[in-house]
Amino acid sequence: MRLTTWNVNSVKARLPRLLDWLAEVRPDVVCLQETKCPTEAFPVGEVGVLGYAVAAHGDGRWNGVALLSRVGLDDVTRGFPGEPGFAEDGVPRPEARAIGATCGGLRVWSVYAPNGRAVDSPHYAYKLDWFAALRDALASEIAAGPLVVCGDYNVAPTDADVWDPALFVGSTHVTPAERQALADLRDLGLLDVVPTPMKGPHPYTYWDYRAGMFHKNMGMRIDLVYAAADVAARVRSAYVDREARKGKAPSDHAPIVIDLEP
DNA sequence: ATGCCCATAAAATATGGA
């Protein structure tokens, strides 16, 4: 089974590249993040032509996640129990940041963690709350069967996952609390499936659009595949498809491609 | 080579991304 995850930064803007990539890579299951489109506006027909069933979860101009599968797409769950909303003005508003489904016997989640914006921002507290609720929700999921949780976690697990750790001191994505949130997820029994970079020593998955960051390989590893032990044991290969970050109108994230033993 | 911000909603800028 070929499983992939990709923050596409708008499925509408990325559709031509997404369709070309699907035809070339032929994944069985695709986790998408930052689709930036309402659930009903997802281009179901376009990806359907390539043989994919679609489960989308969107809330308008921001966020949005989806799952594509050509090996079955059952028991779709939009959001998770206890998932907090962002309560900027005291009114919690739910956001589309997680969708789960069972694909070919594997329970798959596509997640898009809150950015956090700044350590003193309410968005940062929301980010930590969201991770804590995700951990609680996944505790029962991991007990139920083979589980993999893919997506944009918006946290670099270690200093080696950032091109210049000194620049990030005091910023989100690298704080001890955020890294502890990842450790708490791993403590459920999830393993970090670290992909092979196609170039250089760092399996970065994100490079800012500005200042030629991709071309200088000044990136971050913030897209992660967290797999239960039985799933991690089936990993034949995993790599960052940095080819998808090149050329005209790319996303600022590259996909991760994981091949699992049957 | 990989090539130097982008997407969205909205109508010139404002916001979010990380």
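Analyst: Happy to! A word on names before we start: helices (H or I, at least four residues) and strands (E, at least two) are DSSP runs, numbered from the N terminus. Please also keep in mind that this is a predicted model.

Let's begin with the largest nonpolar core, which has 23 residues. Leu3, Leu67, Val108, Val148, Val225 and Ile258 are the members that touch the most other members. At least two residues of this core come from each of strand E2 (29–33), strand E4 (65–69), strand E6 (98–103), strand E7 (106–112), E8, strand E10 (223–228) and strand E12 (256–260). There is also a second, separate core of 22 residues, and Val111, Ala133, Ala137 and Ala228 are among them.

Pro146 sits in the loop between helix H3 (122–144) and strand E8 (147–152). Pro146 counts as partly exposed, because its relative accessibility is 28%. Not counting residues up to four places away in sequence, Pro146 touches Gly105, Leu106, Arg107, Asp230 and Val231.

Six of them form an open sheet with mixed pairing, in the order E3-E4-E2-E1-E12-E11. Strand E3 (53–57) and strand E11 (235–240) are the edge strands, each pairing on one side only. On average, and ignoring direction, neighbouring strands of this sheet are turned by 10 degrees against each other. Within the sheet, E2 and E4 make an antiparallel pair over five bridges, and Val29 stands opposite Ser69 in E4. Helix H1 (residues 11–25) lies across strand E1 (2–7), E2, E4 and E12, and runs at about 160 degrees to E1.

Asn9 is in the loop between E1 and H1, and Asn63 is in the loop between E3 and E4. Most residues other than glycine have a negative phi. Phi of Asn9, however, is near 50 degrees, a positive value, and phi of Asn63 is near 60 degrees, also positive. Asn9 counts as buried because its relative accessibility is 12%; Asn63 is buried too, with a relative accessible area of 8%.

What about the cysteines? Cys31 counts as buried, at 0% relative accessibility, and Cys150 likewise counts as buried at 0%. The sulfur of Cys31 has its closest cysteine sulfur in Cys150, 4.1 Å away, so the two are too far apart for a bond. The structure as a whole holds zero disulfides.

Finally, follow the chain past E8. Asn154 lies in the loop between E8 and helix H4 (176–186), and counts as buried because its relative accessibility is 5%. Its side chain makes a polar contact of 3.1 Å with the side chain of His173. Leaving aside neighbours within four places in sequence, Asn154 is also in contact with residues including Tyr112, Pro114, Lys127, Glu178 and Ile222.

How values were computed
Residues numbered from 1 in each chain as written. Chains lettered and ligands numbered in written order. Predicted model: local features only at pLDDT ≥ 70, side-chain atom pairs only at ≥ 80, totals over all residues. Heavy atoms only, no water. Buried < 20%, exposed > 50% of the residue type's maximum accessible area, 1.4 Å probe, protein only. Contact = heavy atoms within 4.5 Å. Core = buried A, V, L, I, M, F, W, Y, C linked by side-chain atoms within 4.5 Å. Pairing = 2+ DSSP bridges. Axes fitted to C-alpha atoms, helices over the stretch in contact; angles between N-to-C directions. Disulfide = S-S within 2.5 Å. Polar contact = N/O pair within 3.5 Å; in protein donor to acceptor, adjacent residues only side chain to side chain.
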